[in-house]
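Hello,

Here is the structure I promised to pass on to you.

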Amino acid sequence: MTVPEFQRQKSKGRKLVVVTAYDALFTRILEQAGIEAILVGDSLGVVVQGKSNTLSVTMDEMIYHTMLVASVRENALVIADMPFMSYQVSVEEAVRNAGRLIQAGAGAVKLEGGISMIDRVQALTQVGIPVMGHIGMTPQSVNQYGGYKVQGREDVHAEALLADARALESAGAFSLVLEAIPVDLAKSITEAVSIPTIGIGAGPNCDGQVLVLYDLLGLFDEFSPKFVKPYAHLKADALQALRRFKEEVECQKFPSDLESYH
Ligand code: KIV
């Protein structure tokens with residue numbers, strides 16, 4: 001999957017599937033499942049590092065996880081998140097940091113924000129770095145929202161988000177993540193732009209969907225927004241396996257002759 005191919009899917013009416021990954025093991029599984037785009041999300045701060053938000057994730061951490069994913073990538077487009085404070089301070093810092101993610105193996109970067117980030121998006125696309133925008137509920141602004149809350153419910157905010165989407169497209173973004181916004185607004189934005197919209201908590205009318213891997217596998221249940229659907233229950237399976245292992249070691253059922261050398 002290349003960036004132009006990713007974009008073409010919209011005109012073909014084919015839904016795009018994006019899933020996050022942070023390591024080589026799960027990247028191989030996503031590739032086997034035919035997932036076309038892998039997002040090395042700064043959500044790793046929450047699901048891998050156990051923090052309550054994404055704000056402390058650093059460039060070095062993003063580079064490390066991008067390298068793990070990119071090292072075993074076969075077909076999927078790898079998109080790396082630009083972490084908090086890696087692009088907000090200046091256009092120069094944004095270009096330098098996005099370049100580091102590309103050098104680590106990403107095929108594109110993602111950054112949060114609308115009209116305020118237009119100069120970053122323009123500068124990155126001008127130097128050949130494809131940018132995915134991210135609007136709606138942008139987790140790096142959690143302190144401004146006072147929590148993870150649905151955005152764009154009021155007309156004035158919905159109009160601002162529509163303007164953000166149009167501006168990001170004009171600045172050169174190749175795609176947009178729409179997070180936690182009402183279904184009708186996501187539909188209007190999807191119809192208003194020619195680049196693919198990838199929804200997370202934005203309803204069924206987006207051009208594709210993204211979920212955090214550990215949410216969709218049922219591995220992470222510390223908090224679960226309404227938009228998460230667990231397609232497996234791996235935490236329950238892991239707990240069951242670990243409890244059985246413990247029990248079998250304690251009652252000397254494991255290792256048996258089968259697992260022993262002679
Ligand atoms: O960091 C992340 O995983 C994301 C997705 C939730 C879109 O930005």
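First, some housekeeping. This is a predicted model, in which local features need pLDDT of at least 70 and side-chain atom pairs count only at pLDDT 80 or more, while totals for chains, interfaces and linings use all residues. Residues are numbered from 1 along each chain as its sequence is written, and side-chain values use heavy atoms, with hydrogens and water left out.

**The ligand**

In the side chain of Asp-42, an N or O atom is 3.0 Å from an oxygen atom of the ligand. Asp-81 likewise has a side-chain N or O atom 3.0 Å from a ligand oxygen. For Lys-110, a polar side-chain atom lies 2.8 Å from an oxygen atom of the ligand. Taken alone, the ligand exposes 260 Å², and the protein buries 95% of that (Shrake-Rupley areas with a 1.4 Å probe).

**Ser-43**

Helices (H or I, at least four residues) and strands (E, at least two) are DSSP runs, numbered from the N terminus. Is Ser-43 buried or exposed? It counts as buried because its relative accessibility is 15%, and buried means under 20% relative accessible area (1.4 Å probe, protein chains only). Its side chain makes a polar contact with the side chain of Tyr-22 at 2.7 Å; such a contact is a pair of N or O atoms within 3.5 Å, where within protein one must be able to donate a hydrogen and the other to accept it, and residues adjacent in sequence count only if both atoms are side-chain atoms. Beyond four places in sequence, Ser-43 is in contact (heavy atoms within 4.5 Å) with Thr-20, Tyr-22, Thr-54 and Val-212.

**Tyr-214**

Tyr-214 belongs to helix H10 (residues 213-216) and is buried, at 14% relative accessible area. Tyr-22 is among its contacts too, as are Phe-26 and Val-47. Although Tyr-214 and Ala-21 are 193 residues apart in sequence, their C-alpha atoms are 8.7 Å apart.

**Gln-151**

Gln-151 lies in the loop between helix H7 (142-145) and helix H8 (155-171). This residue is buried at 18%, and its side chain reaches the backbone oxygen of Lys-149 at 2.9 Å.

Best wishes

How values were computed
Buried means under 20% relative accessible area, exposed over 50%, partly exposed in between (1.4 Å probe, protein chains only).
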